[in-house]
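Hi,

Here is the structure I promised to pass along. Have a look at it first, and my notes follow below.

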Amino acid sequence: MIAWLDSIWELSDVLWLLPIAFICHDLEEIITVEKWLAGNRERVVSKLPPKAVRFLESSLSMNTAQFAAAVACIFLVISSATLLAATTLSTGVFLPFYLVCVHVMFLHVFTHLGQSFSVKSYTPGVVTAVLVVLPYSLYAYYRLLASGTVSWELLFSTLPFVLLIIPVLFSAHWLGVHLVKK
């Protein structure tokens, strides 16, 4: 199957699958998060330290429209990284930015698995995290490495920059809450 995928997709196509994988995954979250939180908020809160609950309070009470606005902000970041990486693929100048986005998506799978394990049930996004994001991330890493476009050194050197997602996420959630009223 991998040989078949390799034969039908150019490397730039593989890059463009990132925003598609993201939107597939986040559509599951958008569709399910408000109703799921309404029925499971207390169970989630009971698993968190009190300081974390205060810090995450606005995110734990977002409605669907607010969450969708936050997702749109993150989609803009991922789409920008993809556009820049795909249009400068021959020089690789924006590949680190793109790799950070792939790393975030890959690690996000394990966040979903941890959340589901912690509450011992389905959590919004876990299905597409496992069925869409995980295979995409692994395939993207494989293609980038196999083509020689990315080295293991570059792959690992961009990992610390994953921490930059924290202010991006909180900014996106803040914008979602404050731009879209309940």
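A quick definition before the residues: a residue is called buried under 20% relative accessible area, exposed over 50%, and partly exposed in between, using a 1.4 Å probe and protein chains only. Please keep in mind that this is a predicted model, where local features need pLDDT of at least 70, side-chain atom pairs count only at pLDDT 80 or more, and totals for chains, interfaces and linings use all residues. Residues are numbered from 1 along each chain as its sequence is written, and side-chain values use heavy atoms, with hydrogens and water left out.

Cysteines first. With a relative accessible area of 36%, Cys-24 is partly exposed, whereas Cys-101 is buried at 8%. A disulfide here is a pair of cysteine sulfur atoms within 2.5 Å, and by that rule the count is 0. For Cys-24, the nearest cysteine sulfur belongs to Cys-101, 17 Å away. Cys-101 has its closest cysteine sulfur in Cys-73, and at 14 Å that is too far for a bond.

Next, the largest pocket. A pocket is found on a 1 Å grid over the protein atoms alone, as an open set of points where a 1.4 Å probe fits, with protein on both sides within 12 Å along at least five of seven lines; lining residues have an atom within 4 Å of a point. Its volume, the space filled by probe spheres set on points joined across faces, edges and corners, is about 1,400 Å³. Of the 43 lining residues, those closest to the centre are His-108, Thr-111, Gln-115, Leu-169 and His-173. Helix H5 (95-119) is among the elements giving two or more residues to the lining, and H5 supplies the largest share, 12 residues. Helices are DSSP runs (H or I, at least four residues), numbered from the N terminus.

Then Thr-158, in the loop between helix H7 (152-157) and H8. Thr-158 is buried, at 3% relative accessible area. Its side chain makes polar contacts (N or O atoms within 3.5 Å, one able to donate a hydrogen and the other to accept it) with the backbone oxygens of Leu-154 at 3.1 Å and Leu-155 at 2.9 Å. Beyond four places in sequence, Thr-158 also touches Pro-96, Leu-99, Val-100 and His-103, contact meaning heavy atoms within 4.5 Å.

Lastly, Phe-75 sits in helix H4 (residues 64-87) and is partly exposed at 29%. Leaving aside neighbours within four places in sequence, Phe-75 contacts Pro-19, Phe-22 and Ile-23.

Cheers
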